[in-house]
Amino acid sequence: MPELTQNIGLLSPEFALAGLALGILAIDLFLPDGKKQVTPWLSAAGLAGIIALSLYMLWGRQETLYGGLLAVDAFSLFFKVFFLGLGILIIFTSMEYVDRRLDNPGEFYGLLLLSILGMNVMAQSRELLTAYIALELLSFCLYVMAAYAKGEPKSNEAGLKYILIGAFSSAILLYGVSMIYSSVGVTRFADISLALGSAGDVSPALWAGLALLVVGLGFKVSAVPFHMWAPDVYEGAPLPVTAYLAIGSKAAAFALILRLVAEGFVPAEDLWSQWQIIFAVLAAVTMLVGNLVALAQTNLKRLMAYSSIGHVGFLLAGIAALAPSSVLASNGVMLYLVGYSITNLLVFAAIIAFFNLTGREEIVDLAGLADRQPFLAACIAIGFFSLGGLPIFAGFAIKFYLFVAVATGGFLWLAGLAIFASLISIYYYLKVIRQMYIEPVPEYVAAGSEREDGIVYEPEQNLSPSFLMLGVLAISMLAVVLAGVYPAPLLDLIEAASQAILPGA
Amino acid sequence: MSSLEQTALFLIIMVPLLGAVLTMFLPKDRPGDAWYFAIGVSVVCLLLSLYIFVSYDYGAGGFQLARSFQWLEAPINIDLSLAVDGISAPLILLNGLVLLGAVLISQTIRTRTRDFFVLLQALGAGVFGVFVVRDLFFLFFFYELAVLPMYLLIGVWGSSTDFGSFLRTKEYSAMKLFLYLIAGSILVWIGILALYVKSATLGTPTFSLEDLGNLAASGSISEEFQTWVFPLFMVGFGVLAGLWPFHTWSPDGHVAAPTGVSMLHAGVLMKLGAYGIIRVGMVLLPEGAENWMPLLITLGTVNVLYGAVSAMSQTDLKYVVGYSSVSHMGYVLMGIATLDPIGVGGAVLQMFSHGIMTALMFLLVGAVYDRAHIRDIYVLNGLFGRMRVNSFFFAIAGLASLGLPGLSGFIAEFMVFTGAFRTYLPLAILAVVGAALTAVYILRLLARTFLGEMDPRWEHLTDASPVEKAVGGVFVVILIGVGVWPEPMMRVINVGVASLPGI
C-alpha cells in the first residue's frame, strides 16, 4: 500500500526514540554495576539528538500519515519538542535520586523514554484508537515507574492503585470509543465532527459514547470527580516519578484532549455549544475541589497533587472556551501547559534536591529553609508565587492569558471562579513559604543522622545540591521569569500550532 | 535631553526592577553593600521622578512622555504603553521621595539584609509601574507586583504586637494583609476581563486605557454594563485604599511591618487603590461612577469618622497612626466621589500630602520604638525632653494631619470639603466633625506623649539619628512648602483633573 507508507520517513524521530529506548535497555544488560550511571547521559544525549532531528525534518511540514491517522504539523512538532526537552530535564533531576535509591537505573530510563514516545504519538494522533494505543503506552510505563521503589510499601501501593484505576479508566475510554464507532461508524476526529455536525438529533448511544470518552480522559488528567487516585499515587511514587506524573503525563493528556476537542467537537458548532457547558462545569468543580482540599495537606507531594488538580481545572476551563473562529483559547491552554510545566519542574527539582540532602518531604521539614539552603528556598518560593499567579513569573502571564480566553469565549463566570480559586491557592502556597522564610531552623538540622530509609545523612550545613541540580534549577528559574516577562516568541510558536488544529480561525 | 524624554518612564520601572535583580548577586556576608546599592538605585529613581514631574508641561496638559512597546500581538493585543498626566506626575514624585526615605531608614535591618532590599526595590518598581502605564494588563501586572513582596516583608522583618489579652502576630498580620489585597485584586481582575470582553464585542479587543477611554467617551458602553462593573473596581481598588469596611488589614499590616515598609505602604501603596478608582473606574466607566458615587462618598465619610474614633481609642502609638491613615484615606475617597473638580483635585493633593505626612509619622514612631522598645502611649511620656528633633517633626506631621493652615494637609482637606459642600452637604458636615476628632487624638498624643512630664525611664533615649533627621527634615520641608505655596503642585493636578470625564 504505497499511499499509506510513502511519507513514513516523517516518523523517523519516533523510530529513533523507540530505538533509543530499546538501545538503553539493551546496553544496560551489558554494563557492569559500577558503570550504569552512563545510561542517563546516553538517554539525554539521544533525546537532544532527536530534538535536532525533529526540528530539521519537520519544521514547517503539514502532512498526514497512514491515511490521516497521524498528523505531522506545527501542533505535533511543538509538543514533540516540548516533551523531548522536558524529558531531558526530568532525566537530569532524577539522576541523583535514582542513583542513590532505586535499583535497575537502565530500565528506569528506558521506560521513561518509551513513555515519551507515547506522549509524542498522543500529540500527533488524529484518530481514537491510535490515540488510545499511545495513551496506553504512556500509562503502562507510568504504572511501572510509580511502583519503582520495590522495597517501599507506599510505592507498591501507589503502583497497584494506579494500575487498577488506570485499567478501569482505559476500559471506560475504550467502551466510549466503541459506542461512538457503533453510532457513527468512524473514529477519525475529523470524520466524527462531520458526523456530529450532520447528525441532527444525537442518538443516546452517541451521547453515552461521548460521555464515557470524557469520563475516561477525566480519569487520566485527574479531573474531579475522577481524581481520587492522584494524591495517593503522587505520595507513594518516587519523587522524580511524581514530578513526571504532574508535568509530563498531564501535558500529554491535554495535548490529546486539545486536538480531540478542536478537531472532533468544535467544528460541530451546535453540539459543541452543549458540550461546552459540561466541560465548564467539570472545570469549575475541579478547580474548586482541588484548591480547597489542598488547604488541608501536610505532605508536600500530596499538596502538589491537589494543587495540580486545581490547575487541571483551569486548563479544562480553557478547553471549554474553545471556539471554531478563534485561536485564543487554544493558545491559552498551550501557553498554560508550558508555563505550568516549567514552574512545576522548578518546584519539583527543588523538592527533589531537598530530599536528596535530607530524606524529608513533609511541609514542616522545610522550616527555616531560607537560612539552611537559601537557593532552594528561593526556587520553591518563586515557583509557588508563579503557581499562585503573581508577576513577574510565568504564572501571572499564563493565567491572565488563559482567563482572558475563557472570558472572551463566553464564560466570564468561569473566569471569575478561576480567579477566586487562584486566591484560595495562594493561601496554601504562602503556608509553605512561611515555613521556609519565617519559621526558625529546627534543632535537628545541625546534626547528621540515620533516618528510616537507612541512609546516613551528613549535617546539612556541609551539603549543597549537586551541580547538575543547580543547573536544572537555574535553567527552569530563568525560563519561569522569561515566560512571565516576555512570552511573545513562545506565543508565536503556539499560534502556529493552534492554526494547525483550528484551521477555521 | 531628548533621549531621557523618551526613556524616562521606561527607566523608572526598569531601574528598581533591575536593582532588585542585581541586589541578589551582592556578596552575602557584607549586608551594608545591599543598603548602599539600594540607596544608589532609589536616588536614581528620585532624580527620574523629579525629572518627570518638572518636565510635565502643565500648559499643554494631557498625556506626555508617551512611549509604547508591543508586548503580545493579536489576538490578545497587549502593549506596554507608558505616559504620564497631571494626576500621576505628583504620585510618581511621591513614590520617588518615600522610596528613598524608606531605603535610608532601613539601615537598621540586620537580618537577611540582601533579601529585604530585593523585595523593597521590587515593591518600588511595582508602584512606579502602576503610575506610568496606560494599559490594563500592565496596570494589573504592576499592581500585583507591588503586593507580592508584602507578605515576606512583614512576615520576616516585621514585629508582633502584644495586646495583653492577646498577641497580634506578624504572621497573622502579613497573611491578613496579603489575602485582603489579593481578594481585592480578584475583583479588579474580573472587572478588567469584563471590559476586555466588552471591547471585543464592540469590534476591537483591547486593554489600552486610551482606546477603552475613547469607547467610553463615545457612549458605546451601555450604562447597565457600567453600573455592574464599576463596583468591582470601586471595591477591588477600594480594599487597597482602606475603604471601610474592608480596611481592617491596614492598621494590622502597617503596625506589624518594619518602619521602611510601613512608610512605603501607608505612604504610597494605599494611593494605588485611590488612583485605580480614578484611572480605571471614573475614566472608563463614567456613568457607572456617577451611579455609585453616593455610596462611595458615604463609605468615605464612614472611613473618616470610624478611623478617627478608632485612632482615639488606641493605646499603641503605631496603631494610632495606622487608624489615622484609614481616616485620612476617607478624605481621598470622599474627594473622588464628589466628581467635582475642586473635590477630586483635593483628593489627589491629599494623596500626595498624606503620603508624605504618614511616611513621616511612621518614621518617627519607628524611631521611638527602636529606642524605647515600647509603643504604649500611657507609658511613653514627655519624649520631648530627650528626643527634641523627633518630637518637633512629629508635631509638624500631626498638625498637617489635623489640617492646620500653612501645612499641606489644610489645603487638601479644604478642597475636599469645598467639593463635598457643593455636592453632598450633610456628609461634608460630618467629615468636618471627623477633622475635629483628628485634632483630639493628635493633640492628646502631642500633649502627653511628646510634651508631657518626662518619665525618668526615658532618660537614656537619644534623639533621631542623622539619617532620620535628614529624611524627616526633607519631609517636613515638603509639608510646609506645599502648604504655603501649593501652586506648582496644584497647576499640574488641575490639568489632570480637568481632563477627567464627568466632571
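In this predicted model, the contact between the two chains takes 35 residues from chain B and 41 residues from chain A, where contact means heavy atoms within 4.5 Å. The model is read with these limits: local features need pLDDT of at least 70, side-chain atom pairs count only at pLDDT 80 or more, and totals for chains, interfaces and linings use all residues. Residues are numbered from 1 along each chain as its sequence is written, chains are lettered from A in the order in which they are written, and side-chain values use heavy atoms, with hydrogens and water left out.

**The interface of chain B and chain A**

The size of an interface is often given as the accessible area lost when the parts come together. Between chain B and chain A the buried area is about 3600 Å², and carbon and sulfur atoms give 83% of it; buried area is the accessible area (1.4 Å probe) that two parts lose on being put together, summed over both.

The rule finds one salt bridge across this interface, a salt bridge being a side-chain nitrogen of Lys or Arg within 4 Å of a carboxyl oxygen of Asp or Glu. The side chains that form the salt bridge are those of B:Arg112 and A:Asp371, at 3.2 Å from N to O.

On the side of chain B that touches chain A, the elements giving two or more residues are β1 (64–72), α5 (136–147), α6 (150–157) and α7 (170–201) of chain B. Here helices (H or I, at least four residues) and strands (E, at least two) are DSSP runs, numbered from the N terminus. The largest share of that side, 15 residues, comes from α7(B). By class, the side of chain B that touches chain A has 29 nonpolar, one polar and five charged residues, where Ala, Val, Leu, Ile, Met, Phe, Trp, Tyr, Cys and Pro count as nonpolar, Asp, Glu, Lys and Arg as charged, and the others, Gly among them, as polar.

**Helix packing in chain A**

Helix α6 (residues 128–146) and helix α11 (residues 239–265) of chain A have axes that come within 11 Å and cross at roughly 175°, which makes α6(A) roughly antiparallel to α11(A). Axes are lines fitted to C-alpha atoms, for helices over the stretch in contact, and angles run from 0 to 180 degrees between N-to-C directions; angles under 35 degrees count as roughly parallel, over 145 as roughly antiparallel, 65 to 115 as roughly perpendicular and the rest as oblique. The residues of this contact of α6(A) with α11(A) divide into 12 nonpolar, one polar and no charged.

Helix α4 (residues 74–101) and helix α20 (residues 488–501) of chain A pack at an angle of about 135°, with their axes 7 Å apart, and α4(A) and α20(A) are therefore oblique to each other. From α4(A), the residues A:Ala74, A:Phe75 and A:Phe78 meet residues of α20(A) that include A:Leu490 and A:Ile501.

**Backbone details in chain A**

Most residues other than glycine have a negative phi, and most peptide bonds are trans. The table lists two cis peptide bonds.

| Cis peptide bond | Omega |
|---|---|
| A:Val224 and A:Pro225 | about 10° |
| A:Pro391 and A:Ile392 | about -5° |

A:Pro225 is found in the loop between α9 (204–221) and α10 (229–236) of chain A, and A:Ser222, whose phi is near 55°, a positive value in a residue other than glycine, has its place in the loop between α9 and α10 of chain A.
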